[in-house]
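Subject: Structure for your review

Dear colleague,

Please find below the sequence and structure that I am handing over to you. My notes on what was found follow directly after.

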Amino acid sequence: MRQRNITVKKSSGSVTDVLSVVICMIAMSIIMMAYLNSIQLLNTKSEVSQLARKYILRMETVGYLTGSDKAWLTQELNTLGISDPDFSGTTMNEVGYGSPVILSIQGNINGKEAIWGGGIFAVVFGDKSHPFQEIRMSTAKN
Amino acid sequence: MWNKQAGKIELAAGMFLLIFLIVLLAAHIQIIGFYTTSLYMEDALAASNLASAIIDIEEYGITHVIRIASPESAYEIYRQALKTNLQLNEDWENDDKELIAGKVTVLQYIIYNVEGDDVTVYHFGEGGTYSHYKAGSLGSIRTPDGRLVESTSVYSRIGFPVKGFLDVEVYAEKEKSVDIINNGVE
């Protein structure tokens with residue numbers, strides 16, 4: 001059987017051959033991180049709304065936000081990453097049947113923001129606070 | 001004489017994928033934004049309906065009948081509670097216009113007062129038009145969103161514009177009925 005010698009010639013490569021792929025991968029990574037951050041912020045705000053709903057129903061039956069409920073609510077907000085929530089405007093003293101009860105929660109939701117650090121490739125994600133206010137009004141059924 | 005150079009298909013493919021990913025994720029974020037808005041409006045409606053359900057406790061103490069004593073004041077309480085729960089200004093608009101892009105309108109507010117087997121309906125329409133009538137016997141009346149009236153209930157429907165992708169404005173409606181005995185639990 002006749003053997004054939006096959007000579008493989010390597011052509012010279014260049015970084016520009018993969019540059020476009022690398023740029024696309026970096027861009028996709030940045031977009032995905034920004035997307036995930038947006039989803040996380042929406043989820044956190046949604047959970048704060050659910051907490052407000054739960055505690056306004058409790059306030060309906062009692063007539064105000066009790067001290068223990070306030071402590072529990074603060075703890076649950078801290079678990080969501082909201083530190084030092086402000087309850088100004090919340091009904092803290094008992095009211096009679098049919099009187100309005102208000103729950104007001106103000107705070108900051110911590111997220112990430114893309115920061116251009118200089119140059120095409122210098123992108124970092126820095127911390128950013130997003131202020132929010134959640135207000136619920138109902139009437140006391142105590 | 002023209003010399004053709006070798007092309008780079010990966011550049012075009014990469015740009016296509018990038019743009020496709022951006023559009024896909026932007027659309028997904030918009031969908032989640034609409035879903036969050038829907039939940040937020042539903043919560044606000046349920047809370048406002050329950051806030052307006054002020055029963056006559058003296059009558060309840062005597063006859064154990066649970067009915068909303070004054071439909072007119074219940075409607076006013078509902079409007080005030082809705083305005084607070086949606087953080088609307090005096091023009092019934094949201095100041096930041098991020099979720100609700102324009103004026104919120106109360107399209108319907110209906111009270112179903114149940115006394116024994118009788119159901120009396122108090123209906124407030126758009127602009128506050130009012131009517132009341134005996135609707136029939138218990139077990140045969142349903143709210144406009146399909147819920148069977150089993151005890152005194154409140155139904156409401158609101159309309160509002162929502163701003164979507166590329167600032168396209170869409171008019172949306174949201175309705176909610178609550179049974180004041182079950183406290184809105186379905």
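Which residue is the bridge partner of B:T120 in β3(B)? The partner is B:K134. Please bear in mind that this is a predicted model.

Strand β2 (residues 118-125) of chain B runs antiparallel to β3(B), and 7 bridges join them. Together, 5 strands of chain B form an open sheet with antiparallel pairing, in the order β3-β2-β1-β4-β5. Because β3 (130-137) and β5 of chain B each have a single partner strand, they stand at the edges, and one side of each is left without a neighbour in the sheet. From one strand to the next, the twist averages 15 degrees.

Two further pairings in this sheet involve β4(B). With strand β1 (residues 105-115) of chain B, strand β4 (residues 153-163) of chain B pairs in the antiparallel sense over 7 bridges; here B:Q108 stands opposite B:R157 in β4(B). With strand β5 (residues 169-179) of chain B, β4(B) forms an antiparallel pairing over 11 bridges, and B:S153 stands opposite B:D179 in β5(B).

Helix α1 (residues 9-52) of chain B lies across β4 and β5 of chain B, at about 40 degrees to β5(B). Helix α3 (residues 71-85) of chain B lies across β1, β2 and β4 of chain B, at about 140 degrees to β1(B).

As to overall form, the C-alpha trace of chain B spans about 105 × 35 × 25 Å along its principal axes. The radius of gyration of chain B is 24 Å, whereas a compact globule of 186 residues would have one near 16 Å. Buried residues account for 28% of the 186 residues in chain B. Of the contacts in chain B between residues at least 6 apart in sequence, 56% join residues at least 24 apart.

Finally, chain B touches chain A through a contact that takes 21 residues from chain A and 26 residues from chain B. On the side of chain A that touches chain B, α1 (16-62) and β2 (123-139) of chain A each supply at least two residues. The largest share, 14 residues, comes from α1(A).

Yours sincerely

Key. Residues numbered from 1 in each chain as written. Chains lettered and ligands numbered in written order. Predicted model: local features only at pLDDT ≥ 70, side-chain atom pairs only at ≥ 80, totals over all residues. Contact = placed C-beta atoms within 7 Å. Helix = DSSP H or I, 4+ residues; strand = E, 2+ residues; numbered from the N terminus. Rg over C-alpha atoms; globule rule 2.2 N^0.38 Å. Buried ≥ 20, exposed ≤ 12 C-beta atoms within 10 Å, placed from the backbone. Pairing = 2+ DSSP bridges. Axes fitted to C-alpha atoms, helices over the stretch in contact; angles between N-to-C directions.
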